[in-house]
Amino acid sequence: MAVHNYDVVVIGTGPAGESAAINAAKHGKRVAVVEKQARVGGNCTHWGTIPSKALRHQVRQIMSFNTNSMFRDIGEPRWFSFPKVRERSRVTIDQQVSMRTNFYARNRIDLYHGIARFKDEHTLMVRGSGENQEELVADKVIIATGSRPYRPADIDFRHPRIYCSDTILGLQHTPRTLIIFGAGVIGCEYASIFSGLGLKVDLINNRGSLLSFLDDEISDALSYHLRKHGVLIRHNEEYERVEGDENGVTVHLKSGKRLRADAFLWANGRTGNTDQLGLENIGLTANGRGQLQVDEHYRTALPHIYAAGDVVGWPSLASAAYDQGLNACDELLDREFRYVTEVPTGIYTIPEISSFGRTERELTEAKVPYEVGHAFFKDTARAQITGDTVGMLKILFDQDTLEIYGIHCFGDQASEIVHIGQAIMQQEGEANTLKYFVNTTFNYPTMAEAYRVAAQNGLNRVF
């Protein structure tokens, strides 16, 4: 068995692992990366962000095709099978894998495929296919193993009609009806996707409202548009048991309701991928959700072992994971780093949602006086041209100083539009005020000019 020595070993090739490994290599460190799958990219590339967003794009195109009289006569039927739509998204996955594999080769990072397990605090055993094993000795280790869907033991995920958010991408048929349990970000995104394909969807929420961390007005808008596309939302419900048979799935709720559908998707919670790491051999313990606790330097209880990305919990976003991996590596390189705390929300429902900063509820509870500026997309020329008139931009700001407290956007390109507001909010002093948007010339027609419209709307409320 060969023994290899490295300055840094990174476990996982998702966004956190990739950014950490490349950062270390570019600063002269000898780096190895361990990936348990046959191809790099992690959950983000193969089961999470990339395939679901690519799938969403295909569904949006179908929805546009089915409703635009320029493409088809009203009443002319068009039906698309899920496997056919899914196959198109695989092209994007292959492109991502090819690009990311090249990153490691170009930066001369050694890539090992197999399961990494700690032998001691500085040694990792990597078990590949068959009996092949490698021993990696490292000064520093970064754990970036990501997460997977939480699967309750009382649900039979081996049944061909019962899925989690990973296995749903392997769906081989196109059901007419679908039950989704869990109305978090993943559940809402898949409710949008499948209802866009024409399925009748039951979305079961064990809370009282959808995505309660969002601004209430945005959450209400999401609920309205999901219902408009045929999603039946059931709040404050818990499942008692889930039964699959040859023809479908029956879900028994604790409230006594009995729901029936062609397929069932579990989308409630995720678990950190730490169970195979051999943490007991180095004295580290994951919490009940398989996550590792880190300090503000991304260090675990062992100061030479770091963790970043979904495996540390909040915010469990690919964007944040990339930053966390980068900054964890900067810390171990004794470079300037930051602890990632301010992250924009991007939710790829149809229409999409994005926000940055505080909500109306948070400001009200904190007794911070504020005012609101709105721009409705239906009133902007660019949205009228594209036909994407659903949605709005909302700015929350101080009544006196005009300092911006929060940006909330719902509609087409929301996750792009929010970054303009984010950039201004992170400026110092008077640069972070509503006046910037009024005093700046925006291209016309664009979606970005919604900031000028919303700012003027807000100023009209206070002057």
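Predicted model: local features only at pLDDT ≥ 70, side-chain atom pairs only at ≥ 80, totals over all residues.
How far is the sulfur of C188 from the closest cysteine sulfur? The distance is 17 Å, to the sulfur of C409, which is too far for a bond. The structure holds zero disulfides, a disulfide being a pair of cysteine sulfur atoms within 2.5 Å.

Residues are numbered from 1 along each chain as its sequence is written, and side-chain values use heavy atoms, with hydrogens and water left out.

In soluble globular proteins, nonpolar side chains tend to be buried together. A nonpolar core is here a set of buried Ala, Val, Leu, Ile, Met, Phe, Trp, Tyr and Cys residues joined through side-chain atoms within 4.5 Å. The largest such core has 48 residues, and F118, L136 and I143 have the most contacts inside it. Leaving aside residues up to four places away in sequence, L136 touches H4, Y6, V9, A32, V34, Y112, H122, T123, L124 and V126, where contact means heavy atoms within 4.5 Å. A second, separate core has 39 residues, including M63, I193, L197 and A267.

Next comes helix 1, residues 15–26. Helices (H or I, at least four residues) and strands (E, at least two) are DSSP runs, numbered from the N terminus. The expected span of a helix is 1.5 Å times one less than its number of residues. For the twelve residues of helix 1 this should give 16 Å, and the end C-alpha atoms are 17 Å apart, which agrees. Eleven of its twelve residues are buried, so helix 1 is largely enclosed by the rest of the structure. Its buried residues are P15, A16, G17, E18, S19, A20, A21, I22, N23, A24 and A25. Among the elements that cover them are strand 1 (3–11), strand 2 (31–35), helix 4 (82–106) and helix 7 (318–332). Just after helix 1, G28 takes a positive phi of about 85°.

Strand 9 (residues 177–181) is also largely enclosed by the rest of the structure, because four of its five residues are buried. Strands count as paired if DSSP finds at least two bridges between them. Strand 9 pairs with strand 10 (residues 200–204) in the parallel sense over five bridges, and L178 has V201 as its bridge partner in strand 10. Together with helix 5 (residues 185–196), strands 9 and 10 make a right-handed β-α-β unit; right-handed means that, with the strands pointing away from the viewer, the path from the first strand over the helix to the second runs clockwise.

Strand 9 also runs parallel to strand 15 (residues 263–266), joined to it by four bridges. Here I180 stands opposite L265, and F181 has W266 as its bridge partner. Strand 15 pairs in the parallel sense with strand 8 (residues 162–164) as well, over three bridges, with L265 as the bridge partner of Y163. A263 and L265 point one way from strand 15, F264 and W266 point the other way, and all are buried.

How values were computed
Buried < 20%, exposed > 50% of the residue type's maximum accessible area, 1.4 Å probe, protein only.
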